[in-house]
Amino acid sequence: MKHLFRQLIQASFAAALVGAMLPAAALPPAKGKVILTISGKVGEKNAGANAEFDLDMLEKLPQRTYTTQTPWDKQPIKFTGPLLRDVLAAAKASGTTLKAAALNDFKTDIPVQDATKYDMLLAHKMNGEPIPVRTKGPLFIVYPYDTKQELQNNTYYERSAWQLKSIDVQ
């Protein structure tokens with residue numbers, strides 16, 4: 001019995017050691033239409049030097065929903081999507097600045113610390129519906145404006161990129 005117990009312990013230790021040596025699950029390649037490309041300081045790549053995401057990949061990340069008043073709408077809007085920090089973690093992004101670019105060539109710089117300090121969404125739904133390109137989609141970086149007074153000013157509004165297509169991590 002003692003011998004069997006020792007073999008079980010040794011087998012468990014060997015399995016743990018082999019598991020520790022295997023690489024973590026890689027970011028799978030996008031199967032659908034790519035709607036977000038993360039470039040720059042990215043540790044997990046699935047398309048050359050970039051991390052590309054289709055909608056299905058973003059929807060597989062933990063989803064959050066909150067309602068907030070934006071300066072662009074008369075009524076509060078319910079936004080749904082993964083937290084920006086979770087998307088950056090999936091790409092193993094490391095840097096200090098996010099250079100976000102939109103389909104209409106709008107560009108904005110976002111400090112990486114914003115993604116850790118605030119529950120910023122990479123929203124793909126507004127009021128429960130997918131966001132069409134004509135109304136800020138398919139992706140919209142949204143701050144939880146109503147949670148802190150400091151978020152209700154132009155600095156944060158200008159960092160809220162809609163029609164987001166790419167993020168360059170620097």
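Q: Contact means heavy atoms within 4.5 Å; with that in mind, which residues is K136 in contact with, once its neighbours within four places in sequence are left aside?

A: This is a predicted model, and in it K136 is in contact with W72, D73, I131, W162 and Q163, leaving aside neighbours within four places in sequence. K136 itself is found in the loop between strand 9, residues 129-130, and strand 10, residues 140-142.

Q: What can the backbone angles tell me, and which peptide bond is cis?

A: Most residues other than glycine have a negative phi, and most peptide bonds are trans. Here K136 has a positive phi of about 85 degrees although K136 is not a glycine. The peptide bond from G137 to P138 is cis, with omega near 5 degrees, and P138 lies in the loop between strand 9 and strand 10.

Q: Where is Q163 placed, and what is its phi?

A: Q163 sits in the loop between helix 5, residues 154-158, and strand 11, residues 164-169. Phi of Q163 is near 55 degrees, again a positive value in a residue other than glycine. Q163 counts as buried because its relative accessibility is 13%, and Q163 is one of the residues in contact with K136.

Q: How do I read a charged residue such as D54, which is buried yet has no salt bridge, and what lies around its side chain?

A: D54 is found in strand 2, residues 51-54, and the nearest side chain of opposite charge, that of K60, is 7.3 Å away. The side chain of D54 has a polar atom 3.2 Å from the backbone nitrogen of D56, and a polar atom of that side chain lies 2.8 Å from the backbone nitrogen of M57. Leaving aside neighbours within four places in sequence, D54 is in contact with A30, K31, G32, K33, V34 and I35.

Q: How is a pocket found, and which residues line the largest pocket?

A: Rolling a probe the size of a water molecule over the atoms shows where empty space is left. The largest pocket in this model has a volume of about 170 Å³, and its lining is made by L27, P28, P29, A30, K31, F53, D54, D56, M57, K60 and L61. The elements that give two or more residues to this lining are strand 2 and helix 2, residues 55-60. Helix 2 provides the largest share, which is three residues.

Q: How many salt bridges does the rule give, and which parts of the chain does the pair of K92 and E44 tie together?

A: The count comes to eight salt bridges. One of them joins K92 and E44, with the closest N and O atoms 3.5 Å apart. K92 lies in the loop between helix 3 (84-90) and strand 5 (97-102), and E44 in the loop between strand 1 (34-40) and strand 2, so the pair ties together parts that are 48 residues apart in sequence. K92 is partly exposed at 44% relative accessibility, whereas E44 is buried at 12%.

Q: Where are D119 and R64 found, and which residues are joined into one network?

A: The side chains of D119 and R64 meet in a salt bridge, 3.2 Å from N to O. This pair links distant parts of the chain, 55 residues apart, since D119 is in the loop between helix 4 (112-117) and strand 7 (121-123) and R64 is in strand 3, residues 64-68. D119, at 27% relative accessibility, counts as partly exposed, and R64 likewise counts as partly exposed at 37%. Salt bridges that share partners join R64, R85 and D119 into one network.

Terms used: Residues numbered from 1 in each chain as written. Predicted model: local features only at pLDDT ≥ 70, side-chain atom pairs only at ≥ 80, totals over all residues. Heavy atoms only, no water. Helix = DSSP H or I, 4+ residues; strand = E, 2+ residues; numbered from the N terminus. Contact = heavy atoms within 4.5 Å. Buried < 20%, exposed > 50% of the residue type's maximum accessible area, 1.4 Å probe, protein only. Lys, Arg positive; Asp, Glu negative; His and termini not counted. Salt bridge = Lys/Arg side-chain N within 4 Å of Asp/Glu carboxyl O. Polar contact = N/O pair within 3.5 Å; in protein donor to acceptor, adjacent residues only side chain to side chain. 1 Å grid on protein atoms, 1.4 Å probe; cavity = no way out; pocket = protein on both sides within 12 Å on 5 of 7 lines; lining within 4 Å. Points joined across faces, edges and corners; volume = space filled by probe spheres on them.
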